[in-house]
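Visitor: I have a model open and would like to learn to read it. Could you take me through it feature by feature?

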Amino acid sequence: MDREEYIARVAWLRRYGDAVRKQQALAQKLAEARAAAVRITPVLSSARVQSRDSASAAERAVERIEEARELVQAQELVRKRLYAEIFPVIAALPDADERRVLCGRYLRGQNMIDIAAEMGISERHARRMHREAIQRLDMSATTC
């Protein structure tokens, strides 16, 4: 396997972690939209006569929350689809330790130091196992 193919396989595996991080960022935006709506609510409820501007501010806050919620849900579907695509390829590896390294790195987002410590091996050995596992992946059924 040449370097370019190795890099392509790693990039293919990293898509899941990227999807997780994007979902987390979108969930943070949703939380911020909800917090902004909570700050608007007391102002609106304390007004004796609700003006047109305050009503439209409330409507905009609700719209932002709904848009953010829909984006989080859409990204969750992307994340689940990627997991369903990547996990079987990793699970097909015959060596359990290689599966553990790749699952830790690409599905749980762990770094090599943590993976090595969890497995009771050196970081260097974990990196070697990672490289060998990447080379053994059966990519025949994927769109890598």
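Visitor: In which helix is the place of Glu98?

Guide: This is a predicted model, so treat every value as computed from it. Glu98 sits in helix α3.

Visitor: Is Glu98 buried or exposed?

Guide: Buried means under 20% relative accessible area. Glu98 has a relative accessible area of 4%, so Glu98 is buried.

Visitor: Which side chain makes a polar contact with Glu98?

Guide: The side chain of Arg136 does, at 2.9 Å. Look at the surroundings too. Leaving aside residues up to four places away in sequence, Glu98 touches Leu93, Met129, Glu132, Ala133 and Arg136.

Visitor: Which other residues of helix α3 are buried?

Guide: The helix covers residues 96-107. Besides Glu98, the buried residues are Val101, Leu102, Cys103, Gly104, Tyr106 and Leu107.

Visitor: What should I look for at the start of α3?

Guide: Check for a side chain that reaches a backbone nitrogen. Here a side-chain oxygen of Asp95 comes to within 2.9 Å of the backbone nitrogen of Asp97. Then check the other end. Just after α3, Gly109 has a positive phi of about 70 degrees.

Visitor: Now charges. How many salt bridges does a search of the whole structure find?

Guide: The search finds 11 salt bridges.

Visitor: Why does spacing along a helix matter when I read such pairs?

Guide: An α-helix has 3.6 residues a turn, so residues three or four places apart point the same way. Take Glu5 and Arg9. They form a salt bridge, with the closest N and O atoms 3.1 Å apart. Both residues lie in helix α1, residues 3-46. They are 4 residues apart, about one turn of the helix.

Visitor: Which residue forms a salt bridge with Arg79?

Guide: Glu76 does, and the closest N and O atoms are 3.8 Å apart. Glu76 and Lys80 are 4 residues apart in α2, so about one helical turn lies between them.

Visitor: How accessible are Arg79, Glu76 and Lys80?

Guide: Take them one by one. Arg79 counts as buried because its relative accessibility is 18%. Glu76 is at 27%, so Glu76 counts as partly exposed. Lys80 is partly exposed too, with a relative accessible area of 44%.

Visitor: Which residues are linked in a network of salt bridges?

Guide: Arg15, Arg81 and Glu85 are.

Visitor: What describes a pair of aromatic rings?

Guide: Use the distance of the centres and the angle of the planes. The count here comes to 2 aromatic pairs. Tyr83 and Phe87 form a stacked pair, at 5.4 Å centre to centre with 5 degrees between the planes. Both lie in helix α2, 4 residues apart, about one turn of the helix.

Visitor: What is the accessibility of Tyr83 and Phe87?

Guide: Tyr83 is partly exposed, with a relative accessible area of 33%. Phe87 also counts as partly exposed, at 33% relative accessibility. Now widen the view. Ring pairs link Tyr16, Tyr83 and Phe87 into a cluster.

Visitor: What tends to happen to nonpolar side chains?

Guide: In soluble globular proteins, nonpolar side chains tend to be buried together. In this model the largest nonpolar core has 18 residues. Those with the most contacts inside it are Leu13, Ile86, Ile90, Leu102, Ile134 and Leu137.

Visitor: Which residues does Leu137 touch?

Guide: Not counting residues up to four places away in sequence, Leu137 touches Arg9, Leu13, Val89, Ile90, Leu93 and Leu102. Another core of 8 residues lies apart from the largest one. Its members include Leu30, Ala61, Ile65 and Ala68.

Key
Residues are numbered from 1 along each chain as its sequence is written. This is a predicted model: local features need pLDDT of at least 70, side-chain atom pairs count only at pLDDT 80 or more; totals for chains, interfaces and linings use all residues. Side-chain values use heavy atoms; hydrogens and water are left out. Buried means under 20% relative accessible area, exposed over 50%, partly exposed in between (1.4 Å probe, protein chains only). Helices (H or I, at least four residues) and strands (E, at least two) are DSSP runs, numbered from the N terminus. A polar contact is a pair of N or O atoms within 3.5 Å; within protein, one must be able to donate a hydrogen and the other to accept it, and residues adjacent in sequence count only if both atoms are side-chain atoms. A salt bridge is a side-chain nitrogen of Lys or Arg within 4 Å of a carboxyl oxygen of Asp or Glu. Rings of Phe, Tyr and Trp (its six-membered ring) pair if their centres lie within 6.5 Å; planes under 30 degrees apart count as stacked, over 60 as edge-to-face and the rest as tilted. A nonpolar core is a set of buried Ala, Val, Leu, Ile, Met, Phe, Trp, Tyr and Cys residues joined through side-chain atoms within 4.5 Å. Contact means heavy atoms within 4.5 Å.
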